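Let's go through this one in question-and-answer form, looking at how the pieces pack and pair up.

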Amino acid sequence: MSRNKVLVVDDEKNQRETYTLILEDDGYAVTTAQSGEQALRLAKENDFDLVLTDYKMAGMDGLTLLNELLKYDPSIIVVMMTAHGSVDSVKEALRGGAFDYLGKPVDRDELLRVVQSALERLNRIDDEIIGGSEEMDRVKKMILKVAGSSSTVLIRGESGVGKERVARAIHKASPRANEIFQAVNCAAINENLLESELFGHEKGSFTGAHTQKKGQFEIADRGTLFLDEIGDLNISMQAKILRALQEREIMRVGATRTIKVDVRAIAATNRDLEAMVKDGRFREDLYYRLNIIPITIPPLRNRRDDIPRLVDFFVAKHSASASRQIRGLTAGARNLIMTYSWPGNVRQLESAIERAILLCEGNEIEVEDLPVEMRQEGTPAGAFDFKLPPEGISFEDVERSLITQAMEQTNWNITRAAKLLGLSFRTLQYRLEKFGLKKPEK
């Protein structure tokens, strides 16, 4: 997937035409807007990879447009154009969430450099994170936006959605990419050993401490420390983590002096931290310290457009590792994969494909090669009763039937039907038009 869709916003016609000529000559697909109000409407109706907007415009100015765009979609990539010497406006735009800025008059080479840099980095993230759904596209853009800072990121999502993969993508897109990425699963380490694991210990500080040991914070110095399952920490350890993040220093177990560390922390959890704060099981101050930049990864059942890409990726990956020539899946197997609810998300999908490749006797994965829990469920996300015939049917027939049932079940309410199907409003609108489905006239 090549990123090239740019929205140019300027209230001066000659400026819009100049930017359009420069960008289109370099291969970009450009849409223009003559006002902030028009730009906002276009952004809600289309998926743009980048928005290039003037700061000073009649009516809605660039900063107001930026704020409105971010309210609608916090992940949107906005580059602000502002007059040379207007330092305050640049700072205000960057604080407000702009990705970058250009000084006016805009230099052709500088314009292309800024746009190319942003979109090439997005293309690299596309290689890291498999999936082209609208939901995952927003996650990818958030990765790009947060990568340049050292602020703490909190990644939310169910088990198996790919939280560590997103954390690694942030690290690879960051200025710390050449430094270490250190991952720690807070739930997998014995509570009595966790402090030593994170902060290290001095020789003789406790029974068995025969040598001095560096902790994960020290090991990750100048790099990125990924604290997975942070919701499983006890209150005492939460306080020590908070101090390390706030003061940027740690103390080894048994030590008498602190050690300065420069660590970019990324935390992840599948728990409801807000409820835990309310119940007193998670420190409120640590929650706010972690939640500076939140990224939520939707479950696989809510982004079914990603499933075919993930399936193809995992088939290629595990066919190679198993030295098998697997062409793909039969129609019945692919239909079942598309309609299963995936409670274990991407991790479960990969496991199912790996297992099927080892079990299948031919060069295609069949229904019988898939795990029994998938074959027994037989419903899309458990939402409504739809049985597949043993011989299988085409995916388009399945999709049309599911959409029709969802629309009828919700009395043709697109918003409710989209939620039921795990699709975005815009994706369902496209599917309805594709299949020519309309509410029956009374």
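Q: Which residues of α5 are buried?
A: First, the ground rules: this is a predicted model, where local features need pLDDT of at least 70, side-chain atom pairs count only at pLDDT 80 or more, and totals for chains, interfaces and linings use all residues. Residues are numbered from 1 along each chain as its sequence is written, and side-chain values use heavy atoms, with hydrogens and water left out. Helices (H or I, at least four residues) and strands (E, at least two) are DSSP runs numbered from the N terminus, while buried means under 20% relative accessible area, exposed over 50% and partly exposed in between, with a 1.4 Å probe and protein chains only. On that basis the buried residues of α5 are Leu111, Leu112, Val114, Val115, Ala118, Leu119, Leu122, Ile125 and Asp126.

Q: Which exposed residues sit on the face of α5 turned away from its buried side?
A: The buried side is covered by elements including β1 (5-9), α1 (13-25), β3 (50-54), β4 (78-83), β5 (100-104) and α6 (134-147), with contact meaning heavy atoms within 4.5 Å. The face turned away from that side carries the exposed residues Asp109, Arg124 and Asp127.

Q: What distance does α5 reach from its first C-alpha to its last?
A: α5 has 21 residues. The expected span of a helix is 1.5 Å times one less than its number of residues, which for α5 is 30 Å. The model comes out close to that, with a reach of 30 Å.

Q: In which loop does the cis peptide bond from Lys104 to Pro105 put its proline?
A: Most peptide bonds are trans. The one from Lys104 to Pro105 is cis, with omega near 0 degrees. Pro105 lies in the loop between β5 and α5.

Q: Is Asn345, with its positive phi, buried or exposed?
A: Most residues other than glycine have a negative phi. Asn345 has phi near 60 degrees and lies in helix α15 (residues 345-359). With a relative accessible area of 0%, Asn345 is buried.

Q: What is the relative accessible area of Ser323?
A: Ser323 also has a positive phi, near 55 degrees. Ser323 lies in the loop between α13 (307-321) and β15 (328-329). It counts as exposed, with a relative accessible area of 68%.

Q: What N to O distance do Glu110 and Arg113 show in their salt bridge?
A: A salt bridge is a side-chain nitrogen of Lys or Arg within 4 Å of a carboxyl oxygen of Asp or Glu, and by this rule the count comes to 33. Glu110 and Arg113 are three residues apart in helix α5, so about one helical turn separates them. Their N to O distance is 2.8 Å.

Q: How many residues apart in sequence are the parts that Glu274 and Arg156 tie together?
A: The closest N and O atoms of this salt bridge are 2.9 Å apart. Arg156 counts as buried at 14% relative accessibility, whereas Glu274 is partly exposed at 36%. Because Glu274 lies in helix α11 (residues 273-279) and Arg156 in strand β6 (residues 153-156), the pair ties together parts whose separation in sequence is 118 residues.
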